[in-house]
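Here is a short tour of a model, taken one piece at a time. Keep the sequence and the structure open as you read.

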Amino acid sequence: MNAFPFISLLTAVPLIGALGTLSFGARNKNFARNLAFSSSIVALALTLVLCYRFDSGSGELQFQELHSWIPAIGVEYHLGVDGLGLVMLLLSAIVVPMSIAASWQVKEGPQLYFSLILFLQAGLFGTFTALNFVHWFFFWELSLIPAFFLIRLWGGPQRATAATQFFVYTMVGSVALLLAFLAIFQCTNSFDFISLGELARNGQLIPALASKLGWHRLAAEIIALIIFCGVFLGFAVKVPLIPFHTWLPPAYAEAQSGTTMLLTGTMSKMGVYGFLRILLPIFCVEMRSVLTHLLWLAVATIVLSAFAALAQNDLKRILAYSSINHLGYCMLGIFAAARFTGDSAALATDKVAALDGVILQMFNHGLTAATLFWFVSLLEKRSGGLRGLNDFGGLRKVIPVFCGLMGIALFSSLGLPGLNGFIGEFLIFRGVFPLATWTAALAVIGLLVTAIFILTILQRVFSGPLNERWSTMPDLSIGERLALLPPIAIMFVLGLYPQLVLGVINSTVVKMVQQVRY
Amino acid sequence: MLAWTIYISFLGVLALLLPKVTPRAARIIALLTAVGGLATTLGGFLHRSDGTMITIIRVPWIPSLGIEYHLAADGISLVLLLLTGIVAIAGVLFSWNIEYRTKEFFAFYLALIGGVYGVFLSIDLFLLLVFYEIAIIPKYFLIAIWGSTRREYAAMKLALYSFVGSALVLIGLIAAYVVAGGKTMNLFVRPRFPFPLHFQMWAFPLVFIGFGILAGLWPFHTWAPTGHVAAPTAASMLLAGVVMKLGAYGCLRVAMTLFPRGLDSWGFHVLGFGSWRDVFALLALIGIVYGAMVALVQQDFKFVIGYSSVSHMGFVLLGLMTLSQVGLTGAVLQMFSHGILAGLLFAVVGRMVYDRTHTRDLAMLDKMHLYKFIPFAAATFVIASMASIGLPGFSGFVAELQVLIGAWSAFPLYAIGAGFGIVIGVAYTWRAMQKAFIGEAEGTSADHSLPPISIPERVGTLVLIGASLVIGLYPQLLLKLVIPALNSPLFSNLRKESW
Amino acid sequence: MTVGYSELFRLVLPEVIVVAAALAVLTTDVLFMRNAGTRARFAIGAVISCIGCVGAIAWMLIAPQQANVFDGTLAIGPQTQLIQISLLGIAILVIGLSIESTFTTHVGEYLALILFATTSMMFLVSTQNILLIFISLEMLSLSLYVLTAFSKRSTRSAEAALKYFLFGGMSAAFTLFGLSLIYGLSNSTNLIRIASAIRGPSLNPLLAVAIVMTVIGFGFKVAAAPFHFWAPDVYQGSPASTATLIASSSKVASFVIFYQVLVIGFAGAEGRGGWGQYIPGWVPVLAIVAALSMVLGNLVAIMQTSVRRLLAYSAIAHAGYILLALISHAQQSFDALLYYTITYALTVIGAFGVVAVVENQIGSDSLSDFAGLSRRAPALSFCMLIFLLSLAGIPPLAGFFGKFYLFASTLNAEPQTLGILWLVILAIAMSTVSLYYYLQVLKRIYIAEPPPQAAPIRTPIVSQVVICLIALSIMLLGCAPNIFLSWLQQAPRIARF
């Protein structure tokens, strides 16, 4: 406890970088770009150091920092990482430099653009490590504002509506979260996730809620369920789950691809992280009471979004719906893991598998989706802004390297064994089948439809007759190839040796499952 | 020592009335006076900062009536004095460009500040009322001479509403004075007198509403949007930032302390209300939601901010009615936070935008793409809006947090309503920000020769944002003053409720 | 109790000094000054009058008397002398302000009449005998009628004086009739004996008639509604210094004697006027009159465009407030009444002084002529600000404390039941309304732009000194009312044997 404040330092790096870019980058655009990029590399380096010093064997929280902040209302500056947090930090640290690199050419106000990205990164680092609600909420909101401005100021023609929709949905969710946690604080006098989890495990949460919030004639379980709904709403909007997803396709489509990389790579993971860190430990009992509905929601998300992707013509929209689809699997895994299984050891192993798969899928999808959007941005640059499915054709003949690399990323997204996308989905299904068989069966439909639309992309864009317009399209430059190398490499490495990540998260997951056992 | 805040301000007024003062000298005198006031407050802050009541001066004034000249300050007063000092300085900085009758402007301005300081420091009720009414006349002249839209009407409305409020308070206070034997008007001594319950039952709402009028209690709030819009920038900053807090302070310090039994249950129910506490809590909630909803449809930029003030003051009043330590603390903190932020918002709208573009119509501003020409103003407004919606990291968040926590136990439904109000708050703020600064409407851009943001404006902005940020990140600075103050014997009658 | 002539002379020496001064002014003016300029004549006359008044004040301060002679015909004590000193002070101020008048060439007569009026007021406050009350009242009224008509070139002045005379005559008739009924009922002209004689279990119908008559008569004198109809025209038509005198010292004296007649003379027949506690007597009658005055005075003042008429209606309203002191008739109420009327008189003198300057230099007293005054005469405007805000009851000025003291003492008379609370609430409410029309005047002065060719105003030096002095004293009395209060309260009460 309270050793070297490593995580605070890590969170401070992008903040300082952002302020520096904003203040000094106004004159010299190159300086702004370079400063932002270096700052993100420094953050990446620090994260790797953190990984190195992390003890994968224990499932406990490490590098904890605890300071009193506003004692009067139980707010503390409390943070720490376990396996889950570490993986998320790593993901953010990797995706942000990618995003900066992809947006290298942004013309208007680059110092503002890059500083917003760095503020967003600080928000992400904070969200993934905070353990006290107010502290966590501070960073949660901190990540929202830059995202809004990134969409609003540099987006496409419909950016105003897209940004507003994004903002309103997320705000409503945030307010619901806030109210719910304030109610919890009122009853339990604590904002701390860990102690709240313990309270829930001891079965003391519901009585506490009922005693202080004795709303006329409502049963204790119903009160707890209402609070649960508030928190659920906050995260369901972020993931997103159907039917709270309507903000996502416009937002992803209108934002500049560099921004979308961030949105899909990291911000959507915030929602899933919230489910894992907050909902599952604290509200497991309530989740169980509505488990069937939740499972159906997850299935709907998976299947409907896949079909929706099939119907799209805009590459970015296809990928947007595909994003929803992939995260739907995560949700399926989480909901299944919430099911009450008593002391059954076999089912416990299944839960471990499911949750391992969820976290792995988060990491993999983040990386893959970000890379895919990078490719789309490169394509847009070459085509002068066009990105419709039918605008291209036979590009394989003209830009083979590009198509090859993008093909790898697409196959990873599809879940081809040997690439990173496969393991996550496999583990999730492995875990969910015993726990919720029918839903898993239905979710397979999603897999099939995903295969269809991805292959459609491959066929329409890469194969087929060459569209004469693009016969002179330049292939990837050396710089671009070098830049794209790391993510593609990771896809292969993780595909063949997932133990790299699994080793880090497994003990944490085992502990998580144990905590859900009550 | 804190009494010097009052004296310095009035000395400043006298200095400004001298015949040979040039406009430049007038501005400097005003700035020095305002800084002096803040410095004195900080001095008192450092001298004793444990939040308990310190008597500054107590001399008999009119012995035959038991009236004394008694000034004292506790944690709550210190917080509000700090607020006044900060907003006063910012106001002077943002009025640096006033050319018309500069001397008189600053003279009225300093007189208003002196009166406000006096209210926050008075412990003798008669003295409090004296300072309260002293503050009314400068407000009238500030708006009527240097204001804009319908200024004479707005000024008269504001003056009369304030005067009516103080008349209501006067009735209540004289009645209390007489019923308690006519020996003293001292705020320490008075509450110990056991006023009969039926007396408290009508005296409390009278005095509460009297102060509530100035605090923007719905439905007596109508002076506020008109007045704030018509007033010149510095006056709006002071009005919305500090003067409305006078009302809330009066509600807490006078109404709730003198007549705590007035909040008790009536014993019967009318339309679902069982006590004055229920009534005022509901009025506060209506203020929050109504203010927000009306702000959402305004076409005039300044009206948006004006109605948002009504909405935020609703939070203060709701916090007061929770009668719990956390709720009351939140109310005081919200007074401070909103004071700073309202000042900042009016400064942006009035000084940065209106003085340059001469329009406040959102439809017109939509075509001007202001964020390209005055990015400093755009950035300031964004930060100020985020802070005022309650973004964590700024002072508004902690304040609203505490009020909501307090409201949960007392009026759970109202807490949800307040949350709803926050969401609408986000909506109108965002709408205003988008239309005014990042507007996308087709039309000619603003004239490229918009004057840049001057140094006094930048300094003023930094002062205000800095204050909000510091308190947002480290609210302990203020909380350690307010909480001991609320625990003092003065509030013991209230504490019987639930603490 | 009878006394010898020398003793009597010593008792009335102040009045004698003032009369002597009046005669001296007349003589000097008629004999020596017919050929000098009006200003010089006014100056000399003013000096002589002031010497006389100061002499009277000095005598009262050096050798204060206390006596009750001739069956209450002359009842003086420290409090009466205090009132008389105030009246003399007011006279000095009014005369000072009248030095610049240009409306008449009959200077000596004018000043002498002012002094005679003052003498009559001095007698009025120092008697407890209804005969002398009536005589003094008549002497006062007659002097004031003539003073009102003094501006021979103005038709308004003549009209005002005629109205004043007719109304006044009628009200004098009412007063006399009422007083004679009282005499019939009590067989005495001394207030105290009247009180003991008419005290009875229930209200004698004849006594009720007498009370109503007396109230009507005195109500006219203090310009309370519904007997106020003379006031606006008289305030507007008469020369400035006359209007000042009527508005200030005549009010002080009339209220004092009104108080004495009702509270001492009709002591047993008060009745009660509290909400739901009605008992017939003169208190409920006064309550109605007060309510009417406050409401009517304030509401009609809103519509005025002439500052003088505005001040007239505000005088009606203030009369309503002061009647509260009579309604609560406690000892503290009398102190409050004195404080309020004397500070009110001072304020009004100042306000009329400013109006006189404006009329002289700009032309008339309409609101539009006040436009932009703050730029043309800053000191004068600031004083006007003080006066009007004091009338409105804004702290830290004397008017605020006066109102506060008045309301507090009214409620304090019955602390348990808060007796006449409804009337106090009405008073405070109407007082709030009054801020509106006072701000209208201030709006013209401070906010409106002066006419394009306007030159700064040159205020005569004496007027300026007087006005500034009054403004200072209003501020002082507001911030430290104890100065005056302690003087009021230390003076032992009016003797009631």
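## Where chains A and B touch

Let's start with the contact: chain A puts in 24 residues and chain B 27 (in contact means C-beta atoms, placed from the backbone, within 7 Å). On the side of chain A that touches chain B, helices H5 (133–154) and H6 (159–188) each supply at least two residues, and H6(A) gives the most, with 10. Helices (H or I, at least four residues) and strands (E, at least two) are DSSP runs, numbered from the N terminus.

Sorted by class, that side of chain A has 20 nonpolar, 1 polar and 3 charged residues. Here Ala, Val, Leu, Ile, Met, Phe, Trp, Tyr, Cys and Pro count as nonpolar, Asp, Glu, Lys and Arg as charged, and the others, Gly among them, as polar.

This is a predicted model: local features need pLDDT of at least 70 and side-chain atom pairs 80 or more, while totals for chains, interfaces and linings use all residues. Residues are numbered from 1 along each chain as its sequence is written, with chains lettered from A and ligands numbered from 1 in the order written.

## A hairpin in chain B

Strand E3 (residues 265–270) of chain B lies largely in the open, because 0 of its 6 residues are buried (buried: 20 or more other C-beta atoms within 10 Å of its own; exposed: 12 or fewer; partly exposed: in between; C-beta atoms placed from the backbone).

E3(B) runs antiparallel to strand E4 (residues 273–275) of chain B, joined by 2 bridges; pairing takes at least two DSSP bridges. Val270(B) has Phe273(B) as its bridge partner. In the hairpin's turn, Leu271(B) has a positive phi of about 55°.

Definitions and conventions:
Contact = placed C-beta atoms within 7 Å.
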